[in-house]
Amino acid sequence: MSTHFMTGTTNDMGSNLLLEGWQDKYSVKIKKFDDQHRTLIELIAELGENIRHKKEKSYLTKIMSKLMDYTVVHFGEEEFLMNSYDYPDFESHKAEHRKIIEELKSIRQRIQAQGNLVNIQLLQFLQSWLLQHIMVTDLKYSDFFTSKGF
């Protein structure tokens with residue numbers, strides 16, 4: 001699966017996640033979560049490739065559902081670890097996860113309604129929220145969990 005489909009589009013953090021693919025600077029120093037973040041990047045890239053190639057609505061909906069389902073699993077695993085170790089920002093992190101899931105549901109509905117009429121702004125949003133979530137919100141737990149032996 002290619003992660004190099006867009007050129008010249010940047011998110012709020014000045015980086016093109018999908019053009020660059022995974023980079024070490026995205027690491028939260030927990031292998032399981034880094035691997036899951038890589039998969040999320042790949043799923044967004046796959047969706048982007050298929051939007052760019054004007055794939056059918058049913059195919060786009062399938063990829064978006066896969067992205068949403070994987071995100072739910074990933075968030076659940078993060079939350080389980082946070083709750084198990086009394087992570088101090090657990091409630092706010094969990095609330096952010098809920099907001100993201102609601103946004104993903106909205107995007108899936110938009111794809112179901114508009115199909116291949118969805119555009120690059122959708123991808124910019126997806127890459128922006130993922131990068132923002134990894135590099136700001138998730139990095140906050142990195143030191144906490146590495147101090148616990150992860």
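Colleague: Where is Asp-86 found?
Modeller: This is a predicted model. Asp-86 is not a glycine, yet it has a positive phi of about 55 degrees. As for its place, Asp-86 is found in the loop between H3 and H4.

Colleague: Does Asp-86 count as buried or exposed?
Modeller: Exposed means over 50% relative accessible area. Asp-86 has 64% relative accessibility, so it counts as exposed.

Colleague: What is the place of Lys-29?
Modeller: Lys-29 is not a glycine either, and its phi is positive, about 70 degrees. Helix H1 covers 17-20. The place of Lys-29 is the loop between H1 and H2.

Colleague: How many helices and strands does the chain have?
Modeller: From the N terminus on, the elements run α-α-α-α-α. The secondary structure therefore comes to five helices and zero strands.

Colleague: Are H2 and H3 roughly parallel or antiparallel to each other?
Modeller: H2 spans residues 31-52 and H3 spans residues 57-84. Their axes come within 10 Å and cross at roughly 165 degrees. Angles over 145 degrees count as roughly antiparallel. H2 and H3 are therefore roughly antiparallel.

Colleague: Is the crossing of H2 and H3 left-handed or right-handed?
Modeller: The crossing angle is roughly 165 degrees. The hand of the H2 and H3 crossing is left-handed.

Colleague: Which residues make the contact of H2 and H3, and how many are nonpolar, polar and charged?
Modeller: On the H2 side, the contact includes Phe-33, Leu-40, Leu-43 and Leu-47. On the H3 side, Tyr-59, Ile-63, Leu-67 and Thr-71 are among them. By class, the contact of H2 with H3 has 13 nonpolar, six polar and five charged residues.

Colleague: Is Thr-71 buried or exposed?
Modeller: Thr-71 has its place in helix H3. Leaving out residues up to four places away in sequence, it touches Leu-40, Ile-101, Leu-104 and Trp-129. Buried means under 20% relative accessible area. Thr-71 is at 0% relative accessibility, so it counts as buried.

Colleague: Are H3 and H4 roughly parallel or antiparallel?
Modeller: H4 spans residues 90-114. The axes of H3 and H4 come within 9 Å and cross at roughly 175 degrees. That makes H3 and H4 roughly antiparallel.

Colleague: How many residues of each class are in the contact of H3 with H4?
Modeller: The axes of H3 and H4 come within 9 Å. By class, their contact has 13 nonpolar, seven polar and seven charged residues.

Colleague: Which residues is Phe-125 in contact with, leaving aside its neighbours within four places in sequence?
Modeller: Phe-125 is found in helix H5, residues 120-146. Phe-125 and Ile-107 are 18 residues apart in sequence, and 9.9 Å apart in space, C-alpha to C-alpha. With those neighbours set aside, Phe-125 is in contact with Glu-103 and Ile-107.

Colleague: What is the relative accessible area of Phe-125?
Modeller: Buried means under 20% and exposed means over 50%. Phe-125 is in between, so it is partly exposed, with a relative accessible area of 32%.

Colleague: What share of the contacts with a separation of 6 or more do residues 24 or more positions apart account for?
Modeller: The chain has 150 residues, and buried residues make up 46% of them. Among contacts with a separation of 6 or more, the share from residues 24 or more positions apart is 71%.

How values were computed:
Residues are numbered from 1 along each chain as its sequence is written. This is a predicted model: local features need pLDDT of at least 70, side-chain atom pairs count only at pLDDT 80 or more; totals for chains, interfaces and linings use all residues. Side-chain values use heavy atoms; hydrogens and water are left out. Axes are lines fitted to C-alpha atoms, for helices over the stretch in contact, and angles run from 0 to 180 degrees between N-to-C directions. Helices (H or I, at least four residues) and strands (E, at least two) are DSSP runs, numbered from the N terminus. Angles under 35 degrees count as roughly parallel, over 145 as roughly antiparallel, 65 to 115 as roughly perpendicular and the rest as oblique. A crossing is left-handed if the near helix is turned anticlockwise from the far one by less than a right angle, and right-handed if clockwise. Contact means heavy atoms within 4.5 Å. Ala, Val, Leu, Ile, Met, Phe, Trp, Tyr, Cys and Pro count as nonpolar, Asp, Glu, Lys and Arg as charged, and the others, Gly among them, as polar. Buried means under 20% relative accessible area, exposed over 50%, partly exposed in between (1.4 Å probe, protein chains only).
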